[in-house]
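User: I would like to learn how to read strand pairing and backbone turns in a model like this one. Could you take me through the features step by step?

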Amino acid sequence: QVQLVESGGGSVEAGGSLKLSCVASGLVFSRCGMNWFRQAPGREREWLSNLNPDGTTLYADAVKGRFTNYRDDIKNTLYLEMKSLKWEDTALYYCKICMHWGEGIQVTISS
């Protein structure tokens, strides 16, 4: 049974940093494509970043240069390190590993 457990969300002031974690079990972690998404109230889910099994990454323009998507294959953990956070980064953040979704974790940025 595949399980993804997210942690690291919370509330910070604008300009601050947070690091989200997504711990996976029940799948071959190192062979999976890995993505982060977010959904703000009243808006559609938004893709943020892709990390391929070969280590290449892609980022949406909205987060490029501020967010870093990386993984630890020994810990079966995907990370999203977020810096220079803005009010508009407030959303529910989701990891997606292979075809499986995390439950979502709230990130709130105060201005």
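User: How many bridges join S5 to strand S6, and in which sense do the two strands run?

Analyst: Please keep in mind that this is a predicted model. As a general idea, strands of a sheet pair through backbone hydrogen bonds, either parallel or antiparallel. Here S5 and strand S6 (residues 57–59) are joined by 3 bridges and run antiparallel, and within this pairing Asn50 stands opposite Leu58 in S6. The hairpin of S5 and S6 has 5 residues between the strands, and in this hairpin Gly55 adopts a positive phi near 95°.

User: Which strand pairs with S4, and over how many bridges?

Analyst: Strand S4 (residues 34–39) pairs with strand S5 (residues 46–51) in the antiparallel sense, over 5 bridges, and the partner of Met34 across this pairing is Leu51 in S5. The hairpin that S4 and S5 form has 6 residues between the strands, with Gly42 at a positive phi near 75°.

User: What is the strand order in the open sheet of 4 strands?

Analyst: The order is S1-S3-S8-S7, and the pairing is antiparallel. Strand S1 (3–7) and strand S7 (67–72) are the edge strands, each of them pairing on one side only. If direction is ignored, neighbouring strands of this sheet are turned by 15° against each other on average. As for the pairing of S7 with strand S8 (residues 77–82), the two strands are antiparallel over 6 bridges, and Asn69 stands opposite Leu80 in S8.

User: Is Asn76 buried, partly exposed or exposed, and why?

Analyst: Asn76 counts as partly exposed because its relative accessibility is 22%, and the cut-offs behind that reading are under 20% for buried and over 50% for exposed.

User: Where does Ser84 lie, and what is its phi?

Analyst: Ser84 lies in the loop between S8 and strand S9 (91–97), and its phi is positive, at about 50°, although Ser84 is not a glycine.

Terms used
Residues are numbered from 1 along each chain as its sequence is written. This is a predicted model: local features need pLDDT of at least 70, side-chain atom pairs count only at pLDDT 80 or more; totals for chains, interfaces and linings use all residues. Side-chain values use heavy atoms; hydrogens and water are left out. Two strands pair if DSSP finds at least two bridges between them. Axes are lines fitted to C-alpha atoms, for helices over the stretch in contact, and angles run from 0 to 180 degrees between N-to-C directions. Buried means under 20% relative accessible area, exposed over 50%, partly exposed in between (1.4 Å probe, protein chains only).
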